[in-house]
Amino acid sequence: MVKVGLIGLGFMGYTHYQIYKKNRRAKVVAIGDYNRDKLEGDWSSVGGNLGDMAREKEDLSGIKTYANPLDMLGDPNVDVVDICLPTDLHHDMAIQALKSGKHVFSEKPMARNFKEAQEIAKAAGRAKGFYMVGHCIRFWPEYEVAKQIVDSGKYGRVEEVFLRRVANPPTYGDKNWFMNATRSGGGELDLHIHDADYALYLLGKPKRVWAWGSKGPSGGIDVVHAGLEYPRNVHVNIIGGWAYHAPFPFNMEFCIRCEKATLHYDMQEGKPLTIYTAAGKVIVPKVPAGTGWERELDYFLKCVEKNEKPTVVTAQSSLESVRLIDAEMRSIAAGKAVDYR
Ligand SMILES: NC(=O)c1ccc[n+]([C@@H]2O[C@H](COP(=O)([O-])OP(=O)(O)OC[C@H]3O[C@@H](n4cnc5c(N)ncnc54)[C@H](O)[C@@H]3O)[C@@H](O)[C@H]2O)c1
């Protein structure tokens with residue numbers, strides 16, 4: 001049984017808490033948040049897409065509470081620290097937690113900027129515990145199966161990829177931190193990084209990056225159209241952001257054209273992952289049950305249980321995703337393509 005200390009009890013912290021409750025590998029033994037109501041089990045202020053989940057008072061008996069999450073790092077009962085704090089707080093907490101010898105799971109993005117992410121990667125390299133960032137799209141069933149299909153080479157090489165992730169502005173955050181680009185990095189770092197990370201996971205590093213971005217309600221770049229250029233004329237196009245007017249619904253979609261088939265998924269349309277083959281067949285492959293959030297946490301718990309370093313998401317690959325966002329930012333500012341490798 002892996003004993004978890006959860007830091008930050010907002011939308012993601014509460015989501016993780018619910019997942020751990022159902023996962024037989026884990027037990028939440030400690031929680032940390034500066035909001036004392038939450039430490040008493042009153043999570044009615046939690047926002048996001050939780051529906052009625054957080055309306056009941058949670059029974060936290062047997063769980064240690066920390067108003068200063070740093071104090072949790074000295075708790076010998078905690079094996080894993082799970083950081084679900086706002087993005088600008090990831091850096092300090094991750095470094096302290098790694099120094100304390102705990103295993104660390106951190107929500108994405110790894111950090112607010114490339115320099116901070118580099119410092120975390122360095123600390124992770126020296127740490128006794130494992131470190132993994134919650135790049136949940138690598139574990140999201142449709143995306144995971146699409147990557148397996150591409151890697152199998154069954155339909156030839158990839159020729160073109162389109163990734164789209166759109167939402168209305170998240171205004172539910174603690175002190176409205178998402179809408180402060182200095183803290184969140186805007187929709188570009190916070191939301192679009194899911195697809196930037198997936199592109200790197202699927203195809204590796206591009207040769208060049210060309211991005212266009214527009215400012216939105218966070219005061220930063222909230223919508224981005226990014227083009228990633230790969231050798232052999234392979235292109236990835238990503239549209240992502242959160243400037244769409246509420247109640248515009250969240251959606252994620254991808255289309256991956258290989259030499260001998262096109263793979264398509266559209267969550268909002270309720271369309272399953274579908275393969276259209278060059279031979280005219282339409283195939284709906286089986287995908288695993290669960291969400292990427294459930295699957296990534298289960299993977300990390302298994303790694304800790306078996307004492308095997310996580311390989312699906314590493315500190316270096318998470319750092320690379322922040323570097324790609326950084327390159328896109330430079331391209332947006334310069335109004336031209338930038339070399340990447
Ligand atoms: N993987 C995903 O799909 C996904 C989705 C949403 C958010 N996230 C990420 O998860 C992280 C958290 O986002 P969220 O939506 O849960 O935010 P949130 O605002 O809902 O929750 C943040 C929590 O941190 C607590 N907190 C803030 N400052 C603190 C401090 N100094 N000390 C102690 N506690 C503090 C708040 O009280 C709150 O409970 C962010 O990095 C975000 O980018 C990931």
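Predicted model: local features only at pLDDT ≥ 70, side-chain atom pairs only at ≥ 80, totals over all residues.

The questions and answers below go through these topics in turn.

Trainee: How many aromatic pairs does the structure hold?
Mentor: A pair of aromatic rings is described by the distance of the centres and the angle of the planes. Rings of Phe, Tyr and Trp (its six-membered ring) pair if their centres lie within 6.5 Å; planes under 30 degrees apart count as stacked, over 60 as edge-to-face and the rest as tilted. On that basis the number of aromatic pairs is 18.

Trainee: Which geometry do Trp140 and Trp293 have as an aromatic pair?
Mentor: The ring centres of Trp140 and Trp293 are 5.3 Å apart, and the angle between the planes is 85°. The pair is therefore edge-to-face.

Trainee: How many residues apart in sequence are the parts that Trp140 and Trp293 tie together?
Mentor: Helices (H or I, at least four residues) and strands (E, at least two) are DSSP runs, numbered from the N terminus. Trp140 lies in the loop between strand S6 (131-134) and helix H5 (141-152), whereas Trp293 belongs to helix H9 (residues 292-306). The parts that the pair ties together are therefore separated in sequence by 153 residues.

Trainee: Is Trp140 buried or exposed?
Mentor: Buried means under 20% relative accessible area, exposed over 50%, and partly exposed in between (1.4 Å probe, protein chains only). Trp293, at 24% relative accessibility, counts as partly exposed. Trp140 has 14% relative accessibility, so it counts as buried.

Trainee: Which geometry do the rings of Tyr143 and Tyr265 have?
Mentor: Tyr143 is in helix H5 and Tyr265 in strand S12 (residues 261-266), so this pair ties together parts 122 residues apart in sequence. Tyr143 is buried at 0% relative accessibility, and Tyr265 is buried at 5%. The ring centres are 6.0 Å apart and the planes lie at 80°, so the pair is edge-to-face.

Trainee: Which ring does the charged end of Arg323 sit over?
Mentor: A charge sits over a ring if NZ of Lys or CZ of Arg is within 6 Å of the ring centre and within 35 degrees of the ring normal. The charged end of Lys147 sits over the ring of Tyr201, 4.6 Å from its centre. For Arg323 the distance to the ring centre is 4.2 Å, and the ring is that of Tyr340.

Trainee: Which helix gives the most to the lining of the second largest pocket?
Mentor: On a 1 Å grid over the protein atoms alone, a pocket is an open set of points with protein on both sides within 12 Å along at least five of seven lines, and lining residues have an atom within 4 Å of a point. The second largest pocket has 13 lining residues, and helix H4 (114-126) and helix H10 (315-334) each supply at least two residues. With three residues, the helix that gives the most is H4.

Trainee: What is the omega of the cis peptide bond that joins Ala246 and Pro247?
Mentor: Most residues other than glycine have a negative phi, and most peptide bonds are trans. Another cis peptide bond joins Lys108 and Pro109, with omega about -15°. Pro247 is in the loop between strand S10 (234-241) and strand S11 (251-258). For the bond joining Ala246 and Pro247, omega is about 5°.

Trainee: What is the positive phi of Asn307?
Mentor: Asn307 is in the loop between H9 and H10 and counts as exposed at 58% relative accessibility. Asn176, not a glycine, has a positive phi of about 55°. Asn307 is not a glycine either, and its positive phi is about 60°.

Key
Residues numbered from 1 in each chain as written. Heavy atoms only, no water. 1 Å grid on protein atoms, 1.4 Å probe; cavity = no way out; pocket = protein on both sides within 12 Å on 5 of 7 lines; lining within 4 Å.
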